[in-house]
Amino acid sequence: VLDNKRPPYVPWHMTFSAAARVKLTAHFGHGDIDREAGNHLLRLGSTLGFFEPAGEHRVRDQWGVVWDRSVDPSFGMVCEYPLRSPSFDGYAFPESPDPRFFADIERDIASAPDRFRMFNVGLALFERAWSLRGMENILVDLYDNPMFVHEMFDRIAACQTALVREALRHDIDAVFFMDDWGQQKGLIMGPVLWRKFILPVLRRMYGTVRDAGKYVVIHSCGDVDELYDDLIDAGVNCVHPVQPEVMDAPALIGAYRGRLAFYGGLSTQRVLPFGTPDDV
C-alpha cells in the first residue's frame, strides 16, 4: 500500500480507549486485544509516553507536564505547564530517550513477525510545545515571541529525533508521528504560520526516517488536507486519519492516488460514540 501498489486485501488496525480495553479484556478473558481484532499493524514504543502519579487523578509525564485524568482516563487535560513564561530558565529537556520506549520492543517484534512494525512518536512537535507552554500561550508566542518558538521547536525535535534514531536500530518498518494541527475547519495556527514554524522542522524529523529507508506515517486530526502536498514533499507516505466529518475521503483518494496512502476513516466523532449498532 505504501509503495502505491494494489494490495491483495485491505489492511486494518483498530485501537481502543482505556475504557474500551477494560470491557474487551473482560469479554475475551485476556488482554491480547490486537489478536482478537486481527490487527495488521504492530504499534511499538508508546503513543503518549510514560507517567508517574501526581495525586488526585493527575499524572506527570517525562517532560514534566501534569495531566488531569479525572474525566478522560486515556489522555487527560493538561493542568500544569512547565514553561509558564517564554523562557527555558530552570527547565531541562529530556537528555536521552527513555529506555522504557524500548523495554519490550524485541519481544514484541518476535511475537508478531507477520505484522507491519510501526514505532510511535506521540506529541511529536506542536502538541509537545503546547503541552509545555499551554495552547493559548504558544499561539500568542507565534506572534510575540517567534525566536523562542523556533528554539523550542528545535529542542523538541532534537529530543524526538534522538528517540527515532534509537528506534531505527531495531527491525521496524515505519515511524508514526502524532501531532494534531487541525480543527473542524482549517488549521489551529493557520497555514502561513504552520509553514513558517512547523514545516521546516518536520522536514528534518521525517528526513531522518526516510534516509534510513523506512516509511513515514503521520497522525493529525481535523481538517488538514490543505497540507497534503507539503507533507508529501516533506517525505510523508501515509496520513491518519481521514476524518469523515470534515473531509471528503473519496475525493481525496482520487486526488492523491499514487502519491499518498490514507489510514483510518471510521467516524469516531459521530457514528462510533452516538450511532446504533446497525449504524456502526
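Guide: This is a predicted model. Start with H240, which sits in strand β9, residues 238-240.

Visitor: Why does H240 count as buried?

Guide: Buried means under 20% relative accessible area. H240 has 18% relative accessibility, so H240 counts as buried. Leaving out residues up to four places away in sequence, H240 touches F176, I218, H219, S220, Y263 and G264.

Visitor: What makes the link between the side chains of H240 and H219 a polar contact?

Guide: The cut-off for a pair of N or O atoms is within 3.5 Å. The side chains of H240 and H219 are joined at 2.9 Å.

Visitor: Which residues of α4 and α5 meet?

Guide: From α4 come F126, A129, W130 and R133; from α5 come M135, N137, I138, L139 and D141. The residues of this contact divide into six nonpolar, one polar and two charged.

Visitor: Why is α4 described as largely enclosed by the rest of the structure?

Guide: Eight of the eight residues of α4 are buried, so the description holds. Among them are E127, R128, S131 and L132.

Visitor: What follows α4?

Guide: G134 does, with a positive phi near 100°.

Definitions and conventions. Residues numbered from 1 in each chain as written. Predicted model: local features only at pLDDT ≥ 70, side-chain atom pairs only at ≥ 80, totals over all residues. Heavy atoms only, no water. Contact = heavy atoms within 4.5 Å. Helix = DSSP H or I, 4+ residues; strand = E, 2+ residues; numbered from the N terminus. Nonpolar A, V, L, I, M, F, W, Y, C, P; charged D, E, K, R; others polar. Buried < 20%, exposed > 50% of the residue type's maximum accessible area, 1.4 Å probe, protein only. Polar contact = N/O pair within 3.5 Å; in protein donor to acceptor, adjacent residues only side chain to side chain.
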